[in-house]
Amino acid sequence: MEERFTLSILVSNEAGVLTRVSSLFGRRGYNIDSLSVGETENPTYSRMTILSRGDVATRDQIIKQLQKLVDVKSVALMPPDNTVLRELMLVKVNAELPTRAQIQQIVDVFRAKIVDLSPSSLTIEITGEKSKLDAFIANIVPYGILELCRTGVTAIGRNSNILTGKEDKEI
Amino acid sequence: MRLKGAEVLVQVLIEQGVDCIFGYPGGAVLDIYDALYKAQDRIRHVTTCHEQGATHAADGYARVTGRPGVVIATSGPGATNLVTGIANAYLDSVPLVAITGNVARALIGRDSFQEVDITGITMPITKHNYMVKDVDRLADTVRAAFRLAASGRPGPVLIDIPKDMQTSLTEYVPAAPVTKTNNSSVDAASLDAALALIASSERPYIYSGGGVVISDASAELLALADRLDCPIGTSMMGLSAVPYDNPHFLGMSGMHGGYAASKALSMADLIIAIGTRFSDRATGNKQAYQTGRKILHIDIDAAEIDKNIVSSESVVGDVKQVLRRLLDAGVQRKPSDWAEQVHKVKSSAESRPEMPNDRLNPRSAIEAVNARLRPDDVVATDVGQHQLWTAQYYHFRRPRTFVTSGGLGTMGYGFGAAIGACFGRGKKRTVLFTSDGSFHMNMNEMATAVSHDLPVLVVVLNNRVLGMVRQWQTLFYENRFSNTSLARRTNYAALADAFGAKGYRVESLEALNNALDEALGLDGPALIDVCIDCDDKVLPMIPPGGTIEDIILKG
């Protein structure tokens, strides 16, 4: 049965690493629903968060294949009930004077923020889990979305679950 | 010691114990070749006719020695010509260090002359690759490449060295050679589960793969078969690990495996798969393969577990260590009449080769060579019918004596590989079985064999067609022989003479025997053109996705 899952991956902060990871997904036919990457507290590592889909066998294969990459220092399957998941989205929405107040209400309900405006549009920043962002989009669609971009999900374990890199693994 | 990058590279090669490398000079590796010139008393460099031949040579060298093979090529076309050879080594887990030159860093990304992104191109077919961007890190990068190529599940590693990195000066600090480490610990719980699974089995079948050869675990494998009194079938990559006359050996299993190997497998209640990845060519119908029996999978690569076949239990680790641990723990199976059942299958009429050997044909030709070779002589093949016939009829007696392209199935692999193997065995007798199709792909390497007076005997099983494809066209495409009947008029014997080797053409078994007696006594390369029928087939055959029920025994 196909399900969604989130992987956190610590990788060397070097050129070409993103290609190595994404081409592994490409050539073995794995799905990437979302991918985000950035530096970590340790400048030699970057951390990637990949949202993927597949049955348990595929999921396990993805993890094992990732672990074979030299630049991958650690892979964790993030448990949904013990992980903080966040995504940031920027939306530019049609906002003529009569509808501005309504949009402002939706923004307040979702605890989003208006970060820019023009005579005919508003730009809204919203952070949250994927489902919250999807719900926000559903509410804002009737006003006319002009532009939308999302960063992809990033994830961190709750409590003291910490992802650490292994440098001396044997491949 | 202040040295140029190119000199550091050569120093590290020497440091790593490399004494023979294969390659082809060019503009972006001039400095490396200059450094090799100065070190020619330490490292022999073999210039092939084509970079593809050089990678296959490095691959053949690695297969017979167990040490990483090294290949050097220039930037651009030199580098892309390595690609097939690198992919071939990747699929067969062969340790290879490929070194390419590239244009100077300032020229990279500008589509400069002979510039190509070889690290990008080879990313999916290497364990890892590097581009050297800091000459101070060159030595450690090369050391890391050797460690990575040989450790765990071996494979190819590529190092791309821009020209300015070869000419820049850096401080060279010698280091000890990297030795192959097997520090992977075997999980005790998985060993216990494996022992329990074997203990509950009445009819275990050992399916042994190339990992047994790589891990030098032949003795342990045979001890396990003795202990369990059970049959061994191998994948093609696993062939040389089991001496053909071992009483437990049933031959190769899979699409062109022997009847007994496939039949016994279908009767087993447990498959103990060791150092193998369950290729589709070896399993046939995967559902039928798994149904009605348990699978114990032992492999060093955790990602192979449950990738193609879902195992009941698995042990991840170096095959030799795992087998030792099982033997030390007193591995046993349930008593049964399994050995008698297997014996019956092995001596059944279906198990006898369909092809006669009283006249000249693939079987008698391979047997004639077999009768004349010593147990440790190396046999290489190209890819196609001749390769499977060799796998079926040649009697392998020692590990690392069979050099063949398993996973990638690379036609044109054989000549380079035989040359590399010959160097790896100190220029001892090496035989290449090939076909007219495969031979035409990379026959240029005959010139390399001549230049170095290599005792490589090329046996061309010449049926004037692309036989394996023709066999499929016969069986599955109603004799529509699309583009597989070759109208070539190559005179192989004259061609060999023209290259400076000795050539023979034989049309009878007697003539073959005479030619072999003469050719095997020569110090240099020779070729025997063996005329065979274009409709000789590789049998038995289990059609793709089929089972033992679908086996084709007669042509």
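These exercises, each with a worked solution, concern a predicted model with chains A and B.

Residues are numbered from 1 along each chain as its sequence is written, while chains are lettered from A and ligands numbered from 1 in the order in which they are written. Because the model is predicted, local features need pLDDT of at least 70 and side-chain atom pairs count only at pLDDT 80 or more, whereas totals for chains, interfaces and linings use all residues.

**Exercise 1. State the predictor's confidence in chain B and in the complex.**

Step 1. pLDDT is the predictor's confidence in each residue, on a scale from 0 to 100. Chain B has a mean pLDDT of 96, and 99% of its residues reach 70 or more.

Step 2. For the complex, the predictor gives an ipTM of 0.92 and a pTM of 0.96.

**Exercise 2. Describe the contact between chain B and chain A.**

Step 1. Two residues are in contact if their C-beta atoms, placed from the backbone, lie within 7 Å. On this basis 15 residues of chain B are in contact with 14 residues of chain A.

Step 2. Sort the chain B side by class: Ala, Val, Leu, Ile, Met, Phe, Trp, Tyr, Cys and Pro count as nonpolar, Asp, Glu, Lys and Arg as charged, and the others, Gly among them, as polar. The side of chain B that touches chain A then has five nonpolar, seven polar and three charged residues.

**Exercise 3. Find which elements of domain 1 of chain B supply its side towards domain 3 of chain B.**

Step 1. Domain bounds come from an automatic or database domain assignment. For chain B this gives domain 1 (2-171), domain 2 (188-351) and domain 3 (362-531).

Step 2. The C-alpha centres of domain 1 and domain 3 of chain B lie 29 Å apart, and 25 residues of domain 1 of chain B are in contact with 26 residues of domain 3 of chain B.

Step 3. Helices (H or I, at least four residues) and strands (E, at least two) are DSSP runs, numbered from the N terminus. On the domain 1 side, β2 (20-23), α3 (51-65) and α5 (83-91) of chain B each supply at least two residues. The largest share, twelve residues, comes from α3(B).

Step 4. By class, this side of domain 1 of chain B has eleven nonpolar, eleven polar and three charged residues.

**Exercise 4. Is A:Glu39 buried or exposed?**

Step 1. A:Glu39 lies in strand β2 (residues 34-39) of chain A.

Step 2. A residue is buried if 20 or more other C-beta atoms, placed from the backbone, lie within 10 Å of its own, exposed if 12 or fewer, and partly exposed in between. A:Glu39 is exposed because it has 11 other C-beta atoms within 10 Å.

Step 3. Leaving aside neighbours within four places in sequence, A:Glu39 is in contact with A:Asn13 and A:Ser46.
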